[in-house]
Every structure is written in C-alpha cells, then in structure tokens.
Amino acid sequence: MLVILVCCWLLAAGADASWLGFGASKRPLVPEEQGALFQSEQVAVYVVKKGDRLADLARRFYGDPEKAWIIEEANEFVALEPGQVMVIPLQFSNPGGLSVDGYQVVSILTYHHFSNQCSNTLCMPIEEFSRQMAFLKKEGYRTVAMKEVLQFIDYQEPLPAKAVAITIDDGYRSVYELAYPILKQYNFKATLFIYTDFIGGSPNAITWDELRELTKAGFEVEAHTITHADLTQRGKGESEAEYLARIKRELRVPRELIRENLGQEAVWLAYPYGRWNNLVITMAMEAGYRGGVTVTRGASPFFVDPFRVGRNQVMNPGKGHAFEQLVKFFRGEALP
Amino acid sequence: MKYRLIPLLLCFTFSALTLGGCAALRKKQKVAEPPGVRLERILLERALEYERKGQPHKALQSYEAALAVIVVKKKGLEDSLRSKAEKHYRRGLALNEQGKYGEARHEFLVALRLWPDFPEVVELLKPSGPPPYRRYLVHRVQEGEFLSAIAEKYYHDQSKFGVIARFNDLEDAAKLYAGMELKIPEIEGVRFSQYETKRVGAIAATKKGGSPEAGGQTDSSSKGFMSYLLSDDSSVALEQEMGYDPVEIYQEQGVSLLEEGEYLAALHEFQKVLNTDPNRKQVREYMAWAHYRQGEVHFNHAQYLEARSQFQKALVFDEDWTACKEYLTRAEDAYKEVHYLKGIQHFEEQRLKEAIEEWGLVSDIDPDYKQVQSYLARAQKLLDKIQELKEVR
C-alpha cells in the first residue's frame, strides 16, 4: 500500500513542481507538517523540520549515525529542507542489491605497507594512496568494514550501493603513521589483518596501543594467523597430527589475542599468501571464523563463498592494474 | 491501527489535492491513466472533501473505502511478483538437476530480484559451502566422456554426477573437455581404498589399450590416491590469475629494507618467504646478511652479547662464512675482556660480589678465559672468610 502511495506522491511531485512554483528539480514541501511521523513496521514517513541533521535521524531510526547513507539512498536528495518528506525504510527490502539490470558487488582492496619513498611492489607511496582515496570520495564510494561485508554475504543487511572495503595486511606501523591520517581526512575506515607475532616483534610493526586507537576510530582488526605461516603446507618432518595441531593453534591464538587486547571478535581470516585448501577452510570454520579472504582478484556479490572471498592487491603504480579498474560496485546481468 | 494510518493518508492526499491543476493538465494531454489509480484517488479526494465540509463520519467511511481498494491492489501486486518469482525458482531447480548450474543461478537471481524475501532461493544461491574436507582422487577426462559416466565409474551411480560438479565448481556439468582434471571426492557410502584406486587406474589403462599392470601407479587418468595434505593445491593454482607472486612481494620488501639499513625489519620479511619455502637459497643468503649487519650494529654499540647472537644466527644460514665467524670471535673476545677487566676493577676496589658477577659472565661463555677461574676462586674465598668473621663477631 505504501509503495502505491509513494508512487502517487512521486507522480504528484513531478506534476506539481511548476504549479507550486518550485524549481523543476525540487520536490514539493509540506512545511505545515514539519516533524510529523507516520510509521509502519516496514517504513517511516517523516517530514523534516528545521535543524534536522541526517546523522541524528539515522541515530533515531537505526540507533547508529553511521547509517545515514540508508536514508540518503532511499530519498536521493542533496540537502535537508524543512517540510521535505522522507521515506525511511525500517526493514531491508533488498539486502542483495539486485536490480533489473544486474546485481551489486563489493570490491575489497588490499594494502600492506605505506611509505614516502617506495622501491617495491608491496609498498604503496603515500601520495598515490592519498590520490586513490580522493578518487573514491569523488566517485561517491563509502568504505565498509569487513563485518558489514559479512552481513551482506549472509543476505542480512545491505551495503551502500557504492561500497568498498579497504583491508590492510600484516600490521605495519606505516598504517598508523601514514595511512590513518589520510583515511581520517576522508572519514574512511579500514580493516586490518594482523599476524600476531609481528605486533611488537618488529621495529616497523604497529603496536597493540596503536591498534586500540584505530579500533576506537571505527577500524576493525581481523586475523592473519600467528606467524604468517603457509597453512596449506606441512612442515618437513612434521607428522600429520603435529601439522593439524599447529594449524589449529595458528587459527585459535590470534582470535584470543585480538579479543584480549582490543575487545573485538575476529570473524575473518586472511589466508597468508592467499593460500587455502579444503582442510584449512574446514579448520577455520571449526575455529569460529565465518569467512576467509584470499588474494584472488575480483569483486564479490552476496552469493560468494564466504571462505573464498577475493581481494584486489593494490600495487605500487606501474606494477599492477590501474586503481580505477580495481573498484567495481555493480555487475551487469539482465534479471527481468 | 486503521486510524493511525489516517494522518498518513491525509498527508498524501494533500499532495494529491495540490494536483488539481495537474489532473487537468493530464486530461488535456489525454494521457490514459490506469483505471485503478483513479479509483483510490477519487475515494481519497472524497474523504478529504467530507472532512473539509465537516462531515467526519462520512470522511472516515471514504478513507475506509480507499484503504480497502489499496489493500487489495497491494496484495495483487505482491501476488503477481511472488508467483513470477516462484516460476523462476522452479525453472532454476530444473536447471540445477540438469547440471546447468550457471543458468540455474541466473534464474534464482531473477526470482530473488522479484521477491527478495525468498529464503529457499537464498539457500540455493549460497555455495554448497566451504566443502567439508574430503579425500579425493584426481580424474583426467577422456575425449567424449560424460560426467554421468565418471560418476558411474567411481560411485557406481550415474545420478551422483552433481557431487563431482559441485566439488569442482563447474558452471555446466555437460561441458567437459578432454584432459580436464576433476577431483572425485569420497562421499558417504563410498570410500576409496588403495585397492580400488589401483583398480580404477587399471580400468582406465585398459581402455587406452595399455596393460592393466602398467596402469596401477603411474596411469595418467588417475593419479592414484592422494593425500589431501599434498594434493589439495586449489589456491596455488589460482595465483596465476593474480598477476603477482604473493611470496615474491615479501622478498622485494625485505631487500628494500636491507638497503635502508632496517635489518631487523628485513628479517621479518625474509622469514615470510622462508615460511613457504625454507630452502630458497637467495633468501637464506639475505637472512644471513641481515643478521650479520644487525650484529655489526650491535658490535659498534658495544652490545657484544647481542652482536654474538646475531652472528650465530647468520651462521645458521651460511655456516661457512669466515668473515662472520671472525666477527663472532671478536664479539666474544670483546665481551669477555670487557667483563674480565670490570671484574678486576671491582676486585681492586673491594666490591667482591660485583667482581664475582662480572667474572661469572665471562666464565659462562668461556670457563678457560685467562685467569678467570682462579680469580673467581680467590674472590669467593675472600668473601667466605669475611662472612665467617662477621658470624664470629
């Protein structure tokens, strides 16, 4: 019923514009109804009143100011005006991001180390990183944490239409020193995959204190084993039982350390070197992980295998694909 | 409940009413309006009109009437979407059974697009899962071989072809090519024994005209029973698609760090390479070099014990490195001499305990260094005597 009403409204809006004397791009306003709220289980209709801010509305309806994008995407407006009628979805109607001409995908980007001066592939020159973040902002991308990606894969909650997940592997201190200030500048967040022996074990590794600061700023920390071991490889002279016990430990300990040090529950595993096999996946599931990321290129739809989610390593420019080609948000396929 | 909706309707009706001019405009343009849309609008307008005239009960009745129409129409729209979605769902199921998984997925996506709240479809779209670990055989497809025949061969049941298709992520079970390698997982009720593995190999060999005996171990159509620990290299095969080597990048990073003089950090990078390939010669050399240079740094800061430990580690990676051995000796000598002299100084200034401590350090790594044992003994004797005197007093 509401759908029909909204349609009526839109029809009216289109036709009314000239009659009410507004510019063609604006919708009719109902200032006399300011602050009015009509609500069903599915949807709320709210008339904007003076001083309303999007983040406050998101907090009011979703309990989370970060969810303002849902209201923005549902209403397609530029600025809030008193009397503006807003439709606020209260139940997710399309968590998979499907439409007539295709479906949503999310690109997961991977970085490692940042520096002012780089001489190898793994290292991202910080100026280039800054340019890439500016590109994402300009194109209207929003960054999402890997836990949100999990909700999307589980067909539970939608992602912003143009979503990108920034992941940073291993735990170099340059993440904190160089990348974090830039991410903060754009109000972006990232997910760090750390191998726990590295933290505090190397002069150029991030510390638990620094990680704590990042998590307070909305970053997420997930697991990348203890020693960055190739989980698919049995060591020379290692018995099968020893090997299994070793993997089990490599999977268990990082979750414990992240919980103890940061109070976060790690649910993602980044396979070191992107190497996985059925045994590793089975053991990761048993260890409580809910997904695993590889280093195979490509963007993921909601129906991806959660334990084989591809990521795009962003290379030092000139050594890999152009950044612009790595970020995708939609895959065309006629779904009539 | 019904009444709660009234303000909402009011709100929309307001907008509908402001349409006065617009409706006229439409008439002028002779745009044919779907009859239904008119109906609920008429009822709404009537309700508003009654309200304006101060006839609330009649207004209520009209709202009720408008709602009745709207509810039925909404239901109609829902039913139509739902039934379309179900049609695609059933089509998808049928395609799935034929092994056309790619096309089936397309149908499921259409179904879900039409009707997003369709748990059965969501379930079907999910990958059959991180496949539970299973042992498997590798089968090389022969020219003209069908998946059902392969299922018959290994499972004695040709309808089990779907198991193989799923395990190998096939988009279409009918599209096999000669030489393609398929993993045949063990399934419930079918356990591949060593014996059976050989037999399977033998059959394939016979078909190709070879002798069954020759087929057993080395036959190409079945590599025999592989331990998953060695054979499941799914992700390694995918690395070719990535455009970079996920191990090499660490080596490069290590070399950069070496050049910057960040030896300890470089060691961590090289260790990551050795985690996958402990015998990589060049990286072992880098490890040796990084430890050596770090040792040198410690040596220059008079941290002889730390230097010694780095030189020892360097020698693990390159045991014949003479320069490193010499450096190791120099570090040890310097360490011993420093603490030996400190001991003497303490002794001369009558700090026996401190002297013993220093000489103890020397003795720990080289018990035969210069006079260290006799000095230690002498200091200990003196200390004991002093202790005795104190007790007597």
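**View 1. Chain A as a whole, with its two assigned domains.** In this predicted model, the C-alpha atoms of chain A fill a box of roughly 85 × 40 × 40 Å along the principal axes. The chain has ten helices and 16 strands, and buried residues make up 46% of its 336 residues. The domain assignment divides chain A into domain 1, residues 2–89, and domain 2, residues 99–332, and the C-alpha centres of these two domains lie 37 Å apart. Among the contacts in chain A with a separation of 6 or more, 65% are between residues 24 or more positions apart.

**View 2. Helix α2 of chain A and the elements that cover its buried residues.** Helix α2(A) runs over residues 54–62, and its buried residues are L57(A), A58(A) and F61(A). Viewed down the axis of α2(A), these buried residues fall within an arc of 100°, and they therefore line one face of the helix. What covers them includes strand β2 (43–47), helix α3 (68–75) and strand β3 (85–89), which belong to chain A as well. The helix is followed by G63(A), a residue with a positive phi, near 70°.

**View 3. Helix α4 of chain A, with a buried side and exposed residues opposite.** Helix α4(A) comprises the 13 residues 126–138, which at 1.5 Å a residue should span 18 Å, and the distance of 18 Å between its end C-alpha atoms agrees with this expectation. Within the helix, F129(A), Q132(A) and L136(A) are buried. These three residues cover an arc of only 60° around the axis, so they sit on the same side of α4(A), whereas E127(A) and K138(A), on the other side, are exposed. The buried residues of α4(A) pack against strands β7 (113–115), β8 (123–125) and β10 (163–170), and against helices α6 (173–185) and α10 (323–326), of chain A. Just after the helix, G140(A) takes a positive phi of about 80°.

**View 4. The largest nonpolar core, with members from chains A and B.** This core holds 116 residues, and those that touch the most other members are V106(A), V164(A), V175(A), F108(B) and A111(B). When residues up to four places away in sequence are left out of the count, V175(A) touches F114(A), I168(A), Y180(A), L192(A) and I206(A).

**View 5. Chain B and the contact between its domains 1 and 2.** Chain B contains 19 helices and three strands, and of its 393 residues, 30% count as buried. The domain assignment of chain B gives domain 1 as residues 1–126, domain 2 as residues 136–232 and domain 3 as residues 321–393. Where domain 1 of chain B meets domain 2 of chain B, the contact takes four residues from domain 1 and nine residues from domain 2. On the domain 1 side of this contact, the residues divide into one nonpolar, two polar and one charged. Over chain B, 48% of the contacts between residues at least 6 apart in sequence join residues at least 24 apart.

How values were computed:
Residues numbered from 1 in each chain as written. Chains lettered and ligands numbered in written order. Predicted model: local features only at pLDDT ≥ 70, side-chain atom pairs only at ≥ 80, totals over all residues. Buried ≥ 20, exposed ≤ 12 C-beta atoms within 10 Å, placed from the backbone. Helix = DSSP H or I, 4+ residues; strand = E, 2+ residues; numbered from the N terminus. Arc of directions from axis to C-beta. Contact = placed C-beta atoms within 7 Å. Domains from an automatic or database assignment. Nonpolar A, V, L, I, M, F, W, Y, C, P; charged D, E, K, R; others polar. Expected span 1.5 Å × (residues − 1). Core = buried A, V, L, I, M, F, W, Y, C linked by C-beta atoms within 7 Å.
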